[in-house]
Amino acid sequence: MSDTISSRNVIIRGDCKTVLDQFKGKSIPRKLKFHHESCMQVMEQLEKFHNVTFSFQHVGREYNQLCDGMCKVMLVHLQDRVTNDALNLIQTIEMNYIPLPLPRNKKKRKNHIETPFGKAIDQISNLNGHISIFMRLYLLCEIYHASKGVGDQVAMRLVGMTMYEESKRLKKYQTKEQGDSIVCHNLGLIGKKIWNDSLHAMDLDQEAQKLQRLATVEFGNGFLIAVDEEVKDLQNYLQLHYLEQRNMVDDTLKDLASNEEEYQKLSKWNDRVCRMVKESNTGEKYPCWMFYT
């Protein structure tokens with residue numbers, strides 16, 4: 001490394017002004033704090049041991065299409081990997097399910113959240129940046145089916161609560177397309193219905209009635225729905241949405257390549273990303289530059 005980059009100034013260009021300002025010390029990283037600290041450690045080592053200096057330049061997205069596209073392709077591979085991991089975890093919990101007893105005291109039962117599916121719900125939470133919001137919803141549907149199959153009412157209640165919260169989060173990102181608007185409305189409705197049914201099953205009728213009154217105000221008579229059919233329809237829509245994103249890889253590579261030689265190079269990079277992500281057992285978030293050689 002010292003023979004190739006020693007005593008050089010490395011210019012880091014990017015289309016995200018927020019990230020560049022964080023490197024310059026003009027702003028404080030929050031959500032990206034972990035990644036920021038990792039990059040700073042690498043830069044400090046290069047500065048200390050290889051006499052490398054760094055400068056930063058902001059470029060518009062229109063001038064950074066290659067790197068932006070490469071990152072999108074890589075993200076699809078990572079989403080594919082963590083989604084399969086989550087599906088495998090859900091299936092494993094269902095196959096080896098051991099029920100946890102509910103507290104006899106109603107007050108304790110009301111606040112009870114312990115379930116074997118808790119680990120799966122945590123894994124697909126919005127804290128996992130590799131799972132898109134639409135895929136999180138699909139996985140929540142999978143947990144619903146699994147928890148219903150084994151009769152885990154606590155897990156079903158958590159799924160319903162999480163679906164409702166995700167519906168509110170989805171409103172911030174929904175597009176003007178009618179499909180997204182319908183999904184957002186149905187998701188909140190399905191979430192509260194699952195939540196309500198699980199409360200009844202846990203003999204928490206008073207809480208269930210209170211929730212139903214609030215839901216009726218919010219959703220009207222639509223609260224009287226067949227949950228299983230609605231979940232199935234929702235899951236079909238989400239799966240199509242995910243497959244559209246998954247199938248974009250080759251189209252994106254073709255759009256990025258200005259000629260056949262560059263397309264072949266990008267295709268090899270794509271294959272390498274896919275192979276390394278599948279072989280990794282660490283869940284590490286790889287930086288894009290590791291693969292573009």
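Predicted model: local features only at pLDDT ≥ 70, side-chain atom pairs only at ≥ 80, totals over all residues.
**Entry 1**

The volume I noted for the second largest pocket is about 200 Å³. Going through the lining by name, I listed Lys 110, Ile 113, Arg 157, Met 161, Trp 195, Leu 199, Glu 207, Lys 210, Leu 211 and Leu 214. The elements that give two or more residues to this lining are α8, α9 (178–201) and α10 (205–219), and I recorded that α10 gives the most, with four residues.

**Entry 2: salt bridges**

I then searched the whole structure for salt bridges, and the search finds seven. I looked up three of these pairs in detail, as follows.

For Asp 85, I found a salt bridge with Arg 81, in which the closest N and O atoms are 2.7 Å apart. Both residues sit in helix α4 (residues 65–95), four residues apart, which is about one turn of the helix.

The next pair I looked up was Arg 136 with Glu 166, a salt bridge whose closest N and O atoms are 3.1 Å apart. Arg 136 lies in helix α7 (residues 133–150) and Glu 166 in helix α8 (residues 153–173), so this pair ties together parts that are 30 residues apart in sequence. When I checked accessibility here, both Arg 136 and Glu 166 came out as buried.

The last pair in this entry is Asp 228 with Lys 148, where I noted 2.5 Å between the closest N and O atoms of the salt bridge. This pair links distant parts of the chain, with Asp 228 in helix α11 (residues 227–246) and Lys 148 in helix α7, 80 residues apart. I noted both partners as partly exposed: Asp 228 is at 34% relative accessibility, and Lys 148 has a relative accessible area of 40%.

**Entry 3: His 36**

Is His 36 buried or exposed? I located His 36 in helix α3 (residues 33–50) and found that it is buried, with a relative accessible area of 14%. Leaving aside residues up to four places away in sequence, I found that His 36 touches Gln 22, Phe 23 and Pro 29.

How values were computed
Residues numbered from 1 in each chain as written. Heavy atoms only, no water. Salt bridge = Lys/Arg side-chain N within 4 Å of Asp/Glu carboxyl O. Buried < 20%, exposed > 50% of the residue type's maximum accessible area, 1.4 Å probe, protein only. Contact = heavy atoms within 4.5 Å. 1 Å grid on protein atoms, 1.4 Å probe; cavity = no way out; pocket = protein on both sides within 12 Å on 5 of 7 lines; lining within 4 Å. Points joined across faces, edges and corners; volume = space filled by probe spheres on them.
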